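Colleague: Could you take me through the aromatic pairs, and show how each label follows from its cut-off?

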Amino acid sequence: MQRLSLADRECPLSRTLDAVGEWWTLLLLHDCFDGFTRFDQFEANLGISSGMLTKRLKTLVDNGILERRQYSERPPRFEYVLTDTGRSLRPVIVALAAWGNAQLPRRERSMILVDARTGREVEPVVVDRRTGKPLDDPDAYVFAAGPAASEAFRTRYDALAAKRKAAR
């Protein structure tokens, strides 16, 4: 059975999941943010099969998230370095880890985010850049059809806006 490509769907979440939604990919990106760049490092740290790792790395390179760079000619060896697009995923990975930690008692957290200078634990939140307000209030922040939205998307979000208005 052929897998449906989420990239063919209009929703940006679908396209994003197609690029980075597989769980090995998220763990691989986490390793990249920790400074890993080489195939053998990823393989050893994650315990992932070489075939699966090769597929995940290729997808990340094809999507412009990692860049494949040769670091040795004899034998030919490559490393995988985050691109600007890849580095821009760091807040997403941090937010996912923070969400996971929030579901656990403090004593069960095996990894926390800390301020590099002070060592103090930080509590990440996703905020609007202009206002600084957290985006976790579903009444204050909602999705709407964007400039490239199809008629179906416009209809969907117009109906949701009308429903919210009627509920007030």
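This is a predicted model: local features need pLDDT of at least 70, side-chain atom pairs count only at pLDDT 80 or more; totals for chains, interfaces and linings use all residues.

Modeller: Residues are numbered from 1 along each chain as its sequence is written, and side-chain values use heavy atoms, with hydrogens and water left out.

Colleague: What makes Trp23 and Trp24 a stacked pair?

Modeller: Rings of Phe, Tyr and Trp (its six-membered ring) pair if their centres lie within 6.5 Å, and planes under 30 degrees apart count as stacked, over 60 as edge-to-face and the rest as tilted. The rings of Trp23 and Trp24 are 4.6 Å centre to centre with 20° between the planes, and the pair is therefore stacked.

Colleague: Why is the pair of Phe153 and Tyr157 called edge-to-face?

Modeller: Their centres are 5.5 Å apart and their planes stand at 75°, so the pair is edge-to-face.

Colleague: Why does Trp23 count as exposed, and why does Trp24 count as buried?

Modeller: Buried means under 20% relative accessible area, exposed over 50%, and partly exposed in between (1.4 Å probe, protein chains only). Trp23 has 54% relative accessibility and so counts as exposed, whereas Trp24, at 16%, counts as buried.

Colleague: How do you know that the charged end of Arg38 sits over the ring of Tyr71?

Modeller: The rule asks for NZ of Lys or CZ of Arg within 6 Å of the ring centre and within 35 degrees of the ring normal. The charged end of Arg38 is 3.6 Å from the centre of the Tyr71 ring and is counted as sitting over that ring.
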